[in-house]
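Here are some notes to read alongside the structure. Please keep the sequence at hand while going through the points.

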Amino acid sequence: MIPEILPAALYERALAHWPVTEEMRLAQQELPLRYQTPLDDRWLAGRPEESSAVWREVRDALFNTGVVEHMAERFPSVRGKMSWNGGAPPVLHARIIEDHAGHAMLPHTDIEVTMFSMLVYMPADDRGPHLGTALYRPRDGSFRGRGMDRYPREDFELAGQAPFLPNHLLTYAPSDHSFHGVEPVEPPCVRRLLVLFAMVDTRSGPAAARPS
């Protein structure tokens, strides 16, 4: 965990310009209480000028070439995946997410082309530390996950939980044994966060160096 990942003033401005739920869409049918909106150029272009400037600054602060290089130094798997398509820059997928009471996510890993993930917790206060991302350990130590497949909660032990605190960053490089999810969000609660995924750019050609 990294505290105060964004400058305090920028964090407060982002909270002030958080989109209303009605502007978001449901993430997936199997996640009926998770709302999201893409933090991309198209969305930014449709925002009021001040809001667009704030969110663009947030995105640029969190994801840049320096961050990618730091992740490659921190996680060997990131360096390895950078070679899969000849070293082309990763593709960023960023989302503003709002989980409502009742939301939960079963243990899963991430898809293979994900280089690293960044989760920025964005509550207004520190009253919900128990709402952070859950880290799981399979009861069968030899079990390995695949992509976004989700697995029964009873097959896993809760190994830890990141504290859901304002302006805190959780980052990790996924593997087939890095299981995570979300324990049920109890009411009354709205769980706000940013999620950024850096992924191998498979559009630039075959991943020649990808292991079989």
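**Notes on the predicted model**

1. Within α1, which spans residues 8-16, the buried residues are L10, Y11, A14 and L15. They lie on the same side of α1 because they cover an arc of only 140° around the axis. Exposed residues A8, A9 and A16 sit on the face turned away from that buried side.

2. The largest nonpolar core has 54 residues, and W55, V78, F116, M122 and L194 have the most contacts inside it. Strand β10 (residues 190-199) gives the most to this core: seven residues.

3. What does L194 touch, not counting residues up to four places away in sequence? Its partners are W18, W55, V58, L62, R95, I96, M118, L119, V120 and M122. Another core, of five residues, lies apart from the largest one; A134, Y136, Y151 and F156 are among its members.

4. Finally, confidence. The mean pLDDT of the protein is 90, with 94% of its residues at 70 or more. Residues 206-212 have pLDDT below 50. In the model this stretch has 12 contacts beyond near neighbours in sequence.

Notes
Residues are numbered from 1 along each chain as its sequence is written. This is a predicted model: local features need pLDDT of at least 70, side-chain atom pairs count only at pLDDT 80 or more; totals for chains, interfaces and linings use all residues. Side-chain values use heavy atoms; hydrogens and water are left out. Buried means under 20% relative accessible area, exposed over 50%, partly exposed in between (1.4 Å probe, protein chains only). Helices (H or I, at least four residues) and strands (E, at least two) are DSSP runs, numbered from the N terminus. The arc is that of the directions from the helix axis to the C-beta atoms. A nonpolar core is a set of buried Ala, Val, Leu, Ile, Met, Phe, Trp, Tyr and Cys residues joined through side-chain atoms within 4.5 Å. Contact means heavy atoms within 4.5 Å. pLDDT is the predictor's confidence in each residue, from 0 to 100.
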